[in-house]
Amino acid sequence: MTLFNFFNCIETQYNNKLPFVAYRKPGESSISGLLQKDNALHVTKDFTEKGFVFAPFDDASDAVLLPVDYASKIVCSDYEVIPTQLNVKPLSVVTDEQKVFHINLVNKGVEAIKDSAFKKVVLSRQEAVEISEQNPIEIFKSLLNHYSLAFVYCWYHPKVGLWLGATPETLIKIEGHQFSIMSLAGTQEYNGTLDVTWQDKEKEEQQFVTDFIVDSIKPSVDYLKVSNTETVKAGNLVHLRTLISARLDSNSALKDVISIIHPTPAVCGLPKQASKDFILKNENYNREFYTGFLGELNLETVVKPRSGRRNIENRAYAIPKKSTQLYVNLRCMQIKNNTAIIYVGGGITSHSNAESEWDETVSKSKVMKNVL
Ligand SMILES: C=C(O[C@H]1C=CC=C(C(=O)O)[C@@H]1O)C(=O)O
């Protein structure tokens with residue numbers, strides 16, 4: 001499908017108030033879309049369904065599903081940069097009260113850690129930005145143009161809302177029984193090099209995430225490998241990243257793994273329940289789908305057999321495999337009328353400085369503001 005037709009389909013779907021998702025995976029050139037045929041609200045029961053899942057931060061609430069059986073799939077294989085019509089700079093007014101609230105929130109988090117309520121908590125805020133662009137699909141195009149290495153998406157359901165984002169973080173990728181999970185935390189502004197020095201605070205907050213993932217999935221897997229930790233670029237920022245790969249043992253299901261790892265200490269805290277309770281009680285707003293997860297669930301992908309003499313007869317046959325690729329919903333925003341609500345947060349440990357944590361959220365908010 002041509003790029004022109006792809007965006008035509010998306011715009012028609014949006015104008016008809018029908019659910020859809022359009023997305024491009026990190027580093028890929030093709031963009032995919034799933035267009036639901038009616039406006040029913042489907043939710044996942046046990047993550048054995050096939051479709052595109054959009055799950056909130058609070059794992060006690062339902063994850064929304066665009067089921068493949070009720071949708072048509074569209075793909076444009078060669079995305080190329082398309083001019084967008086955005087030209088008016090957004091108006092963002094961060095009040096002193098908002099800054100003071102966030103600084104007090106972080107200080108309260110640090111105090112709770114010092115009182116041993118938990119070891120880490122991720123605290124966040126929302127920022128409303130007035131936008132002139134009435135068509136969110138134009139903002140999606142701009143996101144695609146800016147962030148080729150992120151999972152870039154536009155998700156809409158008339159009964160839920162419209163979300164856009166460019167996230168650097170994978171939650172989990174599964175093919176067959178093989179899966180990988182990303183531990184991503186620690187943030188600095190990108191200054192032209194990946195050769196940066198990390199403070200103990202950032203190393204510690206990222207190590208908490210890695211240790212939590214490894215310890216909690218160990219009982220459900222029969223093979224586990226942890227990569228070296230490296231610095232990776234995401235938009236105007238850099239983070240620390242470790243990849244954990246494993247093979248699910250035959251008694252474990254995806255639902256179990258998700259309920260163990262989500263929300264990870266990269267977006268919630270450690271231990272999970274105490275830090276989550278603190279967030280729900282003190283952040284003073286509803287995160288909804290920010291720091292939830294989204295992506296393809298049990299979709300059939302076609303894997304070509306490897307070339308080689310032994311595969312010559314088989315090469316004509318492509319092997320269908322079920323694959324799941326879920327991303328953490330970070331660097332995202334929700335569009336409501338002529339306002340973009342941007343969501344930003346950061347990991348707090350006993351070494352956190354509230355003023356620097358505020359600055360980190362300001363840097364993170366630029367990832368979305370750059371495209372408005
Ligand atoms: C919660 C967010 O970031 C998480 C992911 C990467 C780095 C983080 C950090 O440095 O604190 C956070 O754990 C956010 O970007 O809103």
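Start by selecting Asn298, which is partly exposed because it has 16 C-beta neighbours inside 10 Å, a count between the limits for buried and exposed. The model is predicted. Asn298 sits in strand β17, residues 293-303. Check its backbone: phi is near 50°, a positive value in a residue other than glycine.

Next, go to Asn337, in the loop between β19 (332-336) and β20. Asn337 also has a positive phi, about 55°, although it is not a glycine. Is Asn337 buried or exposed? Asn337 counts as exposed because it has 7 C-beta neighbours inside 10 Å, and the limit for that class is 12 or fewer.

**Two cis peptide bonds**

Select His262 and Pro263. The peptide bond between them is cis, with omega near -10°. Pro263 belongs to the loop that runs between α5 (254-261) and β16 (269-270).

Then move along to Leu270 and Pro271, where the peptide bond is again cis and omega is near -10°. Pro271 is in the loop between β16 and α6, the latter spanning 272-282.

Glu175 stands opposite Gln178 of β12. Between β11 and β12 there are 2 residues, and the strands form a hairpin. In the turn, Gly176 has a positive phi of about 60°.

To locate one of the paired positions, select Glu189, whose bridge partner in β15 is Leu237.

**An enclosed strand**

Select β4, residues 51-55. How many of the residues of β4 are buried? The count is 5 of the 5, so the strand is largely enclosed by the rest of the structure. Strand β5 (residues 64-67) pairs with β4 in the antiparallel sense, over 4 bridges. Within this pair, Val53 stands opposite Leu65 in β5.

**The largest nonpolar core**

Nonpolar side chains tend to be buried together in soluble globular proteins. The largest nonpolar core here has 95 residues, and Tyr153 and Leu164 touch the most other members. Strand β9 (residues 151-157) gives the largest share of this core, 6 residues.

Centre the view on Tyr153. Leaving aside neighbours within four places in sequence, which residues is Tyr153 in contact with? They are Val21, Ala22, Tyr23, Leu164, Gly165 and Leu294.

From there, select helix α3, residues 136-146. Its buried residues are Ile137, Ile139, Phe140, Lys141, Ser142, Leu143 and Leu144. An α-helix has 3.6 residues a turn, so residues three or four places apart point the same way. Show the elements that the buried residues of α3 pack against: α1 (3-15), β1 (20-24), β9 and β10 (161-167).

Pick Ile131, in the loop between β8 and α3. Ile131 is buried because 21 other C-beta atoms lie within 10 Å, where 20 or more are needed.

**The recorded domain**

Finish with a selection taken from the record. UniProt, in an unreviewed entry, places the feature "domain: Chorismate-utilising enzyme C-terminal" at residues 104-299 and 320-364. Select residues 104-299 on their own: this span is 30% helix and 38% strand, and its end C-alpha atoms lie 44 Å apart. Then select residues 320-364, where the chain is 24% helix and 53% strand, with 39 Å between the end C-alpha atoms.

Key:
Residues are numbered from 1 along each chain as its sequence is written. This is a predicted model: local features need pLDDT of at least 70, side-chain atom pairs count only at pLDDT 80 or more; totals for chains, interfaces and linings use all residues. Two strands pair if DSSP finds at least two bridges between them. UniProt positions are given in the numbering used here, feature names are shortened, and annotations may be inferred rather than shown by experiment. A nonpolar core is a set of buried Ala, Val, Leu, Ile, Met, Phe, Trp, Tyr and Cys residues joined through C-beta atoms within 7 Å. Two residues are in contact if their C-beta atoms, placed from the backbone, lie within 7 Å.
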